Amino acid sequence: MSANTDTPKSSHSEPKAVQTDMDDRVTYDEDDHVAVDEQKLVRKLDRHLIPLVMLLYTFSFLDRVNIGNARLYGLEEDLGLTPNQFQIAVSILFVTYLLFEIPSNLVLKPFGPQRWMAFIVTVWGIIALATGFVRNFGSLVALRLLLGVFEAGLFPGLNVYLTFFYTKRELALRVGYLFVSAAIAGALGGLLAYGIGHLDGVRGMSGWRWIMILEGLPTIVLGVVVFFFLPNDPEHAYFLTPEEKKHMAVRQQRQYGFTASAQQFDKKDMMKAFKDWKVWVFCIAQFGADTMLYGYSTFLPTIIKGLGSWSVAEIQLLTIPCYALGAASYMTIAYISDRKQRRGIFCVVFGAVSVIGYGLLVSNTSPGVHYFAPRYGKRTTANGMQLTIGNTSGIMASFIYPSIDQPRYIKGNAISLSLVGVAALSHGFLWFWYSRENKRRDAGLIKPEHANLSEDELAELGDESPRFRYTT
C-alpha cells in the first residue's frame, strides 16, 4: 500500500498541463506548446530503464542465494563444513546487509545513482567470483560479509531510483519488475547450476566453484554497463529529448507535495520516518513476508531434495517451474494493482494464499506477493527501514530449515506460515486505517495546527497534509 494523492495543487509557478483524457495522455509546455505523448514517454522509460534495473536485481539475487545450489555440488564436503556452519555462512551475509541498507540509501543521491550503483555492482561481482576460490569456513564467512556490504544498497536504492522517473500511479508495476527479477534469478540459478554443474572436475575444481565463478563474471561486466547507461535522473537521461525532459518535470509537479524542499534530504524528514507508527507496521509486515522469501529461495533445492529420490540435475530443473509461476503471479498482480490503484487487497489476499500453501506443506499430505510519496528524506529512510528490518528475517530463515528436519521441514514451514499470517494481518490493518483516514480527509477534517496554513505550506507537509490521499 503506497501513499499518494489525486488532489490538485496550486500551479502559480508551474508549466500548465492540458489534459486530453483521463490519463493525462498528452500535455503541452506553456512556453513553446510542444505536445508530448505521455504513454509513449512511459514506454520509452520502460525500454531504457527496466531491462537494466531487472538485470541488476537478477544478478544481485543470484549472487546472494546461489550458495543453496552450490551446496548440491560439494561445497560442504570440500570445505569440511558442518550443517550448522553452512547455515552460518548463509545468514552472516544479512548482518552487514542490514547494517548498510540505510546508509547506502542516504548516499545514493549525493554520489549519484550512476556512479554508486556501478561501484557496488562491480565490487560485489568480484567478491562473488572470489567465493569460488575459498578454501575454508573462515574465508567463506569473510566474503559473505563483504558481499552483504555491497549488495545492501541495490534493492532499496532501486526502489528510490524508480521514483525519480515514474509517478505514484506507475510504481507498483515497475517495483513488481524487481520481484519478477528475483523469480527469474531463482529459475535461472537452477538452470545455470544444472549446466555449470557438468564442469565438475574440470581443472581439478568442483562444480560448486564453477557456479560461483561463472555467475560472478557477468555481474562485473554489468557494473561497467551501469556506469555508461544508467542515468542519474531525467535531466541526464541520454534517451530523452529536451521536450520530454521538460515533460518529466511536469509529471513530477502534478503529484501533490512535490516541492523543491521535498526533494532534498532533511534530517527532520528522516526522524519523521522513525517516529511514524505506520512505517513500523510496514516493517513488521516486511519481516513476515521476507521470512518466506529467503527461506524459500535459499533452501528450495534442499527442500526438493528431501521430497523424493531425485538426482542433482533433476532437483535443479524442478526449481524452475516454482519460480516461473512466481514470476507470472508477480507481473499479473503488479499490473492489476497499477490499473486499479489498489494495493492492500492484494497484500491480504495473497498473504492468505501463502498461509494456505504453507498449511498444506505442514499437513500430513503426500509430497507431490510502499511506501512511496512522502518527502524524499522520509521516503528514503522509511524505505531503508522497511527493507532493513524485513531482511533481518534472512538471518533467522537460514536456521529454520536444518537438514535433520527433512523431508517435511515442519518447523520451518510452520514458522513461515505464522509470519506470513502476521504480514497479511499487518497489511490488512493498514488497508483499513488508510481507507478510514482518506474518508476523514474527504469529509474536510483537519488538525488544528494545519487550519491556518496556505496551500503551499500544506504541500510541504507531504503525507501529513489533509490534501494528501493514500492508495489503499
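This is a predicted model: local features need pLDDT of at least 70, side-chain atom pairs count only at pLDDT 80 or more; totals for chains, interfaces and linings use all residues.

Reply: Two packed helices are described by the angle between their axes and the distance between the axes. Here H8 and H9 are oblique to each other, for their axes cross at roughly 125 degrees and come within 9 Å. The crossing of H8 past H9 is right-handed.

Me: Which residues of H8 and H9 make the contact?

Reply: H8 contributes Gly-189, Leu-192, Ala-193 and Ile-196, while H9 contributes Gly-207, Trp-210, Ile-211, Leu-214 and Glu-215. By class, six residues in this contact are nonpolar, two are polar and one is charged.

Me: How many salt bridges does a search of the whole structure find?

Reply: Side chains of opposite charge can pair when their charged atoms come close. The search finds seven salt bridges. One of them joins Arg-251 to Glu-170, with the closest N and O atoms 2.8 Å apart. Arg-251 lies in helix H10 and Glu-170 in the loop between H7 and H8, so the pair ties together parts that are 81 residues apart in sequence. Glu-38, Glu-170 and Arg-251 are linked in a network of salt bridges.

Me: Is Arg-251 buried or exposed?

Reply: Arg-251 counts as buried, because its relative accessibility is 1%. Glu-170, at 11%, is likewise buried.

Me: Where do Arg-440 and Glu-437 lie?

Reply: Both lie in helix H17, three residues apart, which is about one turn of the helix. Arg-440 is partly exposed at 41% relative accessibility, whereas Glu-437 is buried at 15%.

Technical notes. Residues are numbered from 1 along each chain as its sequence is written. Side-chain values use heavy atoms; hydrogens and water are left out. Axes are lines fitted to C-alpha atoms, for helices over the stretch in contact, and angles run from 0 to 180 degrees between N-to-C directions. Helices (H or I, at least four residues) and strands (E, at least two) are DSSP runs, numbered from the N terminus. Angles under 35 degrees count as roughly parallel, over 145 as roughly antiparallel, 65 to 115 as roughly perpendicular and the rest as oblique. A crossing is left-handed if the near helix is turned anticlockwise from the far one by less than a right angle, and right-handed if clockwise. Contact means heavy atoms within 4.5 Å. Ala, Val, Leu, Ile, Met, Phe, Trp, Tyr, Cys and Pro count as nonpolar, Asp, Glu, Lys and Arg as charged, and the others, Gly among them, as polar. A salt bridge is a side-chain nitrogen of Lys or Arg within 4 Å of a carboxyl oxygen of Asp or Glu. Buried means under 20% relative accessible area, exposed over 50%, partly exposed in between (1.4 Å probe, protein chains only).
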